[in-house]
Amino acid sequence: MSLQMGQGLWRVARNQQLQQQGYTGQGYLSREHSRRIAANNVSNANHRKHAQGGIDIYHLLKTRKSKEQEGFINLEMLPPELSFTILSYLNATDLCLASCVWQDLANDELLWQGLCKSTWGHCSIYNKNPSLGFSFRKLYMQLDEGSLTFNANPEEGVNYFMSKGILDDSPKEIAKFIFCTRTLNWKKLRIYLDERRDVLDDLVTLHNFRNQFLPNALREFFKHIHAPEERGEYLETLITKFSHRFCACNPDLMRELGLSPDAVYVLCYSLILLSIDLTSPHVKNKMSKREFIRNTRRAAQNISEDFVGHLYDNIYLIGHVAA
């Protein structure tokens, strides 16, 4: 029984394959019949073209240079705008592979410029007149090489960018590069910023905390400038710089709440300690909301109880501020 069913399924599949190749059970399709099918296809394609009022994208996608390319879209047969849109979704590795087939399309400067700026949002070289022979594809390779060098040795990585003319020797330019780049190792970056406090100062000023709730602003800050694993002078420096920047971005709120940079500093430290207390599996007796309010108001007496209570709720519901 199973053998008969298998043979029946095979015949159905075989008949479908033969029909796609121009056969029927009685033999070849007549030439006249084939012409009719082709004419109907052309008529349907023309109808789609007129209905769309422009280029028949469906027909273009179905176009093949030869039978050997069946099932493979040739981007050169498409409008350039559509080809570039498709290629813009590729990463650098896949775009290099695509250039083996479509050299002119995949090597287009706009595609490589987009890849550079989507990965490294700011470089000094972007704002300069390109030199003779400049190529965004070559720039991408240099940026990738420099990032790998930075992740091994931050100082050497920055020197590499400067030697290639990618970055200017300026704390502000280095800070903008770091702020707009996500390929740098955060541990190496923390070491570099600890040594380059001038770059750290400019990096802090790039943050805009206007109208942000304090714990959320602190989380955003620690996404770009990772907190050290242990308490110490560097952590105190980061919190101090954050407190002054937060107050500068929210002068009206600070006046309304009666907060100073020193008071914000106390709140930030309290939030970090509360985050550790609530999220650490080693702490069995978690700090209650009442205890947090009482302890915080002892350190910063001018803060309202409701405001401190909202701070506790945020940490309790969302989690660590420096995770």
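This is a predicted model: local features need pLDDT of at least 70, side-chain atom pairs count only at pLDDT 80 or more; totals for chains, interfaces and linings use all residues.

Residues are numbered from 1 along each chain as its sequence is written, and side-chain values use heavy atoms, with hydrogens and water left out. The chain has 18 helices and 2 strands; helices (H or I, at least four residues) and strands (E, at least two) are DSSP runs, numbered from the N terminus. Of its 323 residues, 34% count as buried, where buried means under 20% relative accessible area, exposed over 50%, and partly exposed in between (1.4 Å probe, protein chains only). Take the contacts between residues at least 6 apart in sequence: 57% of them join residues at least 24 apart, with contact meaning heavy atoms within 4.5 Å.

**Helix 8 and helix 9**

- Helix 8 covers residues 136–152, and its axis comes within 6 Å of that of helix 9 (residues 154–163), crossing at roughly 160°. Axes here are lines fitted to C-alpha atoms, for helices over the stretch in contact, and angles run from 0 to 180 degrees between N-to-C directions.
- That crossing makes helix 8 roughly antiparallel to helix 9. For the wording, angles under 35 degrees count as roughly parallel, over 145 as roughly antiparallel, 65 to 115 as roughly perpendicular and the rest as oblique.
- On the helix 8 side, the contact is made by Q142, L143, E145, G146, S147, T149, F150 and A152, and on the helix 9 side by P154, E156, G157, V158, Y160 and F161.
- Sorted by class, the residues of this contact come out as 7 nonpolar, 5 polar and 2 charged. Ala, Val, Leu, Ile, Met, Phe, Trp, Tyr, Cys and Pro count as nonpolar, Asp, Glu, Lys and Arg as charged, and the others, Gly among them, as polar.
- S147 sits in helix 8 and is buried, with a relative accessible area of 3%. Setting aside neighbours within four places in sequence, S147 is in contact with W120, F161, T183 and L184.

**Helix 12 and what surrounds it**

- Helix 11 (residues 186–195) and helix 12 (residues 197–205) have axes that come within 5 Å and cross at roughly 105°, which makes helix 11 roughly perpendicular to helix 12.
- Y192, L193, D194 and E195 of helix 11 meet R197, V199, L200 and L203 of helix 12. By class, that contact has 5 nonpolar, no polar and 3 charged residues.
- Which residues of helix 12 are buried? They are V199, L200, L203 and V204. Seen down the helix axis, they fall within an arc of 135°, so they line one face of helix 12; the arc is that of the directions from the helix axis to the C-beta atoms.
- The cover over those buried residues includes helix 10 (171–179), helix 11, helix 13 (214–224) and helix 14 (233–249).
- L200 is at 0% relative accessibility, so it counts as buried. Not counting residues up to four places away in sequence, L200 touches L193, I225, Y234, L238 and K241.
- L200 and K241 are 41 residues apart in sequence, yet 9.2 Å apart in space, C-alpha to C-alpha.

**A loop residue to look at**

- N211 lies in the loop between helix 12 and helix 13 and is exposed, with a relative accessible area of 68%.
- The phi of N211 is near 60°, a positive value in a residue other than glycine.

**Helix 17**

- Helix 17 (residues 289–299) has F292, I293 and T296 as its buried residues. They cover an arc of only 95° around the axis, which puts them on the same side of helix 17.
- Those buried residues pack against helix 16 (261–279) and helix 18 (305–318).
- On the face of helix 17 turned away from its buried side, you'll find the exposed residues R290 and R298.

**Cysteines**

- How many disulfides does a search of the whole structure find? The count is 0, a disulfide being a pair of cysteine sulfur atoms within 2.5 Å.
- For C123, the nearest cysteine sulfur is that of C116, 7.6 Å away. C123 counts as buried, at 0% relative accessibility.
- For C247, the closest cysteine sulfur is in C268, and at 8.8 Å it is too far for a bond. C247 also counts as buried, at 11% relative accessibility.
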